[in-house]
Amino acid sequence: MRNSISLPKIWAISDARNDALLEKTLARLPRESGFIYRHYHLDDPHRWQRFRALRRIAKAHDHTVILSDSALTAKEWGADGIYGAPRALYPKREGLLHLAAVHNLEEIGLANRLGADAVLLSPVFVTNSHPGGQTLGAARFHLLAQHSCVPVIALGGMNANRARTLRTDRWAAIDGLS
C-alpha cells in the first residue's frame with residue numbers, strides 16, 4: 001500500500017437508509033475496521049455535525065474514518081482519507097488514504113494510474129442501493145480484481161456470509177452491517 005495508514009478489512013458505509021443504526025454498527029464492528037462517511041442527503045452544516053458525532057464513536061473503536069468529499073475537507077474535518085471516483089482523488093494528498101469507487105476495467109486502470117491506495121469494486125451482488133441493476137457476480141469480480149495494483153474491497157450486497165462465499169477478506173457494506 002502506498003500510504004502509511006493501515007487498510008482495514010471490513011468497512012461500514014453510511015447512507016440515509018442506515019443512519020439511525022450507525023452508532024450501534026460502529027460499536028459492533030471489529031476494532032480497527034473502516035468507516036466511509038457519505039451522508040449526501042444532509043446539507044453541509046448537518047453533514048458536518050453528524051460526521052463529528054460518528055467520527056467520535058469510530059475513533060473510540062480505533063476505526064479508520066474516510067470522508068466522501070475533497071481532500072481539503074477531509075483534512076479540515078479530521079478524516080483519515082477520502083473516497084470517490086478515481087479522478088476525484090487526484091492529486092494525492094500525503095497523510096490521507098485514497099479509496100476509489102470502481103465498477104469496470106477502465107476505472108481500475110485509472111485508479112492504478114492515479115495512485116489510489118485501494119479500490120472498492122462494485123456491485124458484486126444485488127444491492128438495495130441499485131435495485132435491478134447489473135451485478136458483477138463472483139467470477140467477474142475476481143477477474144477484474146486481478147487487474148488492480150492495490151487491495152480490492154468488495155462492495156454491493158455484501159455481508160459476512162457473502163464475503164466467505166466470495167473468498168475475500170476485504171469487504172464493505174451499507175445494509176449488510178446494519
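Mentor: Contact, or touching, means heavy atoms within 4.5 Å. The structure is a predicted model, in which local features need pLDDT of at least 70 and side-chain atom pairs count only at pLDDT 80 or more, while totals for chains, interfaces and linings use all residues. Residues are numbered from 1 along each chain as its sequence is written, and side-chain values use heavy atoms, with hydrogens and water left out.

Trainee: Which residues does aspartate 15 touch, not counting those up to four places away in sequence?

Mentor: Aspartate 15 belongs to the loop between β1 (10–13) and α1; helices (H or I, at least four residues) and strands (E, at least two) are DSSP runs, numbered from the N terminus. With 14% relative accessibility, aspartate 15 counts as buried, a term for under 20% relative accessible area, with exposed meaning over 50% and partly exposed in between (1.4 Å probe, protein chains only). Beyond four places in sequence, the residues that aspartate 15 touches are Arg38, His39, His41 and Ile174.

Trainee: What distance separates the side chains of aspartate 15 and arginine 38 in their polar contact?

Mentor: A polar contact is a pair of N or O atoms within 3.5 Å; within protein, one must be able to donate a hydrogen and the other to accept it, and residues adjacent in sequence count only if both atoms are side-chain atoms. The side chains of aspartate 15 and arginine 38 are joined by such a contact, at 2.6 Å.

Trainee: What is the radius of gyration of the protein, and how does the value stand against that of a compact globule?

Mentor: The radius is taken over C-alpha atoms, and the globule rule is 2.2 Å times the number of residues to the power 0.38. For 178 residues the rule gives a value near 16 Å, and the protein agrees with a compact globule because its own radius of gyration is 15 Å.

Trainee: Is histidine 98 buried or exposed?

Mentor: Histidine 98 is part of strand β5 (residues 97–102). Its side chain makes a polar contact of 3.5 Å with the side chain of lysine 92, and a polar atom of this histidine side chain lies 3.2 Å from the backbone nitrogen of arginine 93. Because its relative accessible area is 0%, histidine 98 is buried.

Trainee: Which elements do the buried residues of α4 pack against?

Mentor: In helix α4 (residues 105–114), the buried residues are Ile108, Gly109, Leu110, Ala111, Asn112 and Leu114. At the start of α4, a side-chain oxygen of asparagine 104 comes within 3.2 Å of the backbone nitrogen of glutamate 106, and just after α4 glycine 115 has a positive phi of about 85 degrees. The packing partners of the buried residues are β5, β6 (118–121) and α5 (137–145).

Trainee: Which members of the largest nonpolar core touch the most other members?

Mentor: A nonpolar core is a set of buried Ala, Val, Leu, Ile, Met, Phe, Trp, Tyr and Cys residues joined through side-chain atoms within 4.5 Å. The largest core has 41 residues, and those touching the most other members are Phe35, Leu121, Met158 and Trp171.
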